[in-house]
Amino acid sequence: MKGMPQNLVSLNRGMAMQAAFYERTGAAAEVLHVAELPDPQPGPGEVRVRLSWSGVNPSDVKSRAGLRSKALAFPRVVPHSDGMGVVDAVGEGVPPARVGERVWIWNAAWGRAFGSAAQFVVLPARQAVVLPEGTSDEAGACLGIPALTALHAVLTGGGVSGQTVLVAGGAGAVGHYAVQFARLLGARTVIATVSSAAKAELARVAGADLVIDYRAEDVAERVRAATQGRGVDRIVEVDVAANAALDLDVIRPGGDCVVYGSGKGEFTLPFFPLIAKNVTMRFFIVYNLDEADRERAVEMLTGFLQRGVLQHLIAQRLPLAQIVQAHELVESGRAVGNVVISLP
């Protein structure tokens, strides 16, 4: 259709919204489309959010690519779990006063066909959280996965007060928040690994006491020197498949390795070094936090946002019509921070 962006087609001539979707897994340029879909309507206990921003996370990209499963759970998927917007309608049982609230959302596309890559999304009322004044709209699209992942990784297992914490990938979407949360929650020393001088500066500004360029320096040697040979109390790990050997080398006996990501679907860990050091390995995915852990993290995050103490690292802002480019950017690993999409 003349004047429309690439991959834009019209599927509905009635009450409609613009949305991105895919109906099979594969490369972004081959399967992602932008089109008109019917406006969703809230049911009992639900709110409808008119979205301004949608966050693109690695899990969104992996699901679309079919890295977890080639089969779709639904005939059509509107991707992305994170987003920010304004409540514009409520369903039965939801206070009408919620209309007009500025909110951020979580788990929009988790186990659901319709995520945040659209002008409107309908979801359970509790999944739309009031966004404090002073927090930018774009930052609201970075909270559901990056910020909550980082905060839970720091809070779990008794927290990090008085500890030495190593954050792998301290300038990444999750790592940048993890450095800040470790500092805010009382860590004695925060160490971050990065892959460039520019990323090192970002981690330092976020609050890291020591930043190590893993491409140019011996990380284990630097950590041993910084901890007088004792090792770190906690590791916040972005890629256990790549870093398992290093983690075992630098963690102290009785230490805690909190894993939220892996670059490979399978990996091996040596049994004897783990048991000899009494290491605790914790694996979690933010989508499946239990209710108590999520409530604790959301409440604490809200407090930090109200105080205005967080830095939000936005790598790229792109319009919905360029969702293919957004997915490719996240997929490439070139994005330093979060990639967000603006909705028309």
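The questions and answers below take up these topics in turn.

Modeller: This is a predicted model, in which local features need pLDDT of at least 70, side-chain atom pairs count only at pLDDT 80 or more, and totals for chains, interfaces and linings use all residues. Residues are numbered from 1 along each chain as its sequence is written, and side-chain values use heavy atoms, with hydrogens and water left out.

Colleague: How many aromatic pairs does the count come to?

Modeller: Rings of Phe, Tyr and Trp (its six-membered ring) pair if their centres lie within 6.5 Å; planes under 30 degrees apart count as stacked, over 60 as edge-to-face and the rest as tilted. By this rule, the number of aromatic pairs is 4.

Colleague: How are the rings of W110 and Y287 arranged as a pair?

Modeller: The ring centres of W110 and Y287 are 4.3 Å apart. Their planes meet at 5°, so the pair is stacked.

Colleague: How many residues apart in sequence are the parts that W110 and Y287 tie together?

Modeller: Helices (H or I, at least four residues) and strands (E, at least two) are DSSP runs, numbered from the N terminus. W110 lies in the loop between strand 6 (102-105) and strand 7 (120-124), and Y287 in the loop between strand 14 (280-283) and helix 10 (291-307). The pair therefore ties together parts whose separation in sequence is 177 residues.

Colleague: Is Y287 buried or exposed?

Modeller: Buried means under 20% relative accessible area, exposed over 50%, and partly exposed in between (1.4 Å probe, protein chains only). W110, at 38%, is partly exposed. Y287 has a relative accessible area of 9%, so this residue is buried.

Colleague: What is the angle between the planes of F267 and F283?

Modeller: F267 is in the loop between strand 13 (251-259) and helix 9 (271-276), and F283 is in strand 14, 16 residues apart. Their rings form a stacked aromatic pair with 6.4 Å from centre to centre, and the angle between the planes is 20°.

Colleague: Which ring has the charged end of R48 over it?

Modeller: A charge sits over a ring if NZ of Lys or CZ of Arg is within 6 Å of the ring centre and within 35 degrees of the ring normal. R76 lies over the face of F21, at 4.9 Å from the ring centre. For R48, the distance to the ring centre is 4.5 Å, and the ring is that of F120.

Colleague: Which element gives the most to the lining of the largest cavity?

Modeller: On a 1 Å grid over the protein atoms alone, a cavity is a set of points where a 1.4 Å probe fits but cannot get out, and lining residues have an atom within 4 Å of a point. The structure holds 1 cavity of 30 Å³ or more, and the largest cavity has about 50 Å³ of space, a volume being the space filled by probe spheres set on the points, which are joined across faces, edges and corners. Its lining includes V240, A244, D247 and L248. With 4 residues, the element that gives the most is helix 8.

Colleague: Which residue has its backbone oxygen 3.3 Å from a polar atom of the side chain of R102?

Modeller: R102 lies in strand 6 and, at 19% relative accessibility, counts as buried. The backbone oxygen at 3.3 Å from its side-chain polar atom belongs to P132.

Key: 1 Å grid on protein atoms, 1.4 Å probe; cavity = no way out; pocket = protein on both sides within 12 Å on 5 of 7 lines; lining within 4 Å. Polar contact = N/O pair within 3.5 Å; in protein donor to acceptor, adjacent residues only side chain to side chain.
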